[in-house]
Structures are given as structure tokens and as C-alpha cells.
Amino acid sequence: MTPPEAPVQGQLGRGTETPPAVSVCLAVLSKRSDFLKAAQARRRGSPGFLLQARERSADEVDAGLIRIGFTCSKKVGNAVARNRAKRRLREIARLVLPVEGRPGWDYVLIGRPEVTATRDFAEMQRDLKRALAHIHGSSE
């Protein structure tokens, strides 16, 4: 008999390949000053969203973390539409950034009106991967 606290392996257990719901290496931006600093740095547009990114200096906090912020203006729609767009942006960030992002960087994903909430999810993931490759390719 297996004790209840023992890890379960298999298709639905903890041994699966999907990333965790809350990634250990991602932190969420909450201060307005962090968003403003990212707005002054690199940016890359894509059909579903705009990506802003900046490399933090060595003396800033959380040097080993990838920090991410999300924003959608009222142009995106009412509160329901903005929340749906932000949920989709959070999910693509959770899936893509632990693999493609770099520690010590801040990323801000900005939703686009009528597109972020309706664009194909797989296309949005590809858009984020392309935008990250462009931003990091131009940084070296």
C-alpha cells in the first residue's frame, strides 16, 4: 500500500512534463516604477501583444529571477475582456518564459484590443518565442 503523501508517477501524477502552475523562477512585477523602466527599454510587437523587456542591473533585487508583468488598457474592452486577455498572457508566459526567458530580465506583456483574447493560443506562444529571440538576439 502506498502512503497518501507519496508522490504519484504517471500520466496524471507529478512526474508529468508540463510546467507547474506557479513557476519557481518567475516573479510578478507589481511596482509602477518597474513597468516604467521596462517601457524605456527594448520592445517587440507581435499580432497578439506587445513585449517590453529590459535587463536588470547587477545591484537590483532578484538577480536570478525572471520577472514578468501584464497590462491591458481599457482599449482592450470591459473588465471581463481585459481579465480574459490577461489570463491568456499569463498562461503563455508560464509556458514559454521558463524555457526561453533569461534570468535577470524584466518582461512586460501588453494586450492588444480585440486580438489578445481571440487569437489562436498556439500562435500566441510562437509569437512570444519569436519576440524573445528578437530581443535577446539584439542584446548581444
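Biologist: Which helix holds both Asp127 and Arg130?

Modeller: In this predicted model, local features need pLDDT of at least 70, side-chain atom pairs count only at pLDDT 80 or more, and totals for chains, interfaces and linings use all residues. Residues are numbered from 1 along each chain as its sequence is written, and side-chain values use heavy atoms, with hydrogens and water left out. The side chains of Asp127 and Arg130 meet in a salt bridge (a side-chain nitrogen of Lys or Arg within 4 Å of a carboxyl oxygen of Asp or Glu), at 3.1 Å from N to O. The two residues are three apart, about one turn of the helix, and both lie in helix H3.

Biologist: Is Asp127 buried or exposed?

Modeller: Asp127 also forms a salt bridge with Arg119, with the closest N and O atoms 2.8 Å apart. Buried means under 20% relative accessible area, exposed over 50%, and partly exposed in between (1.4 Å probe, protein chains only). Arg119, at 21% relative accessibility, is therefore partly exposed. At 2%, Asp127 counts as buried.

Biologist: Which residue meets Asp106 in a salt bridge of 2.5 Å?

Modeller: Asp106 lies in strand E5 and its partner in the loop between strands E3 and E4, so the pair ties together parts that are 50 residues apart in sequence. Helices (H or I, at least four residues) and strands (E, at least two) are DSSP runs, numbered from the N terminus. Both members of the pair are buried. The partner of Asp106 is Arg56.

Biologist: How many salt bridges does a search of the whole structure find?

Modeller: Asp34, Arg54, Arg56, Arg67 and Asp106 are linked in a network of salt bridges. For the whole structure, the search finds nine.
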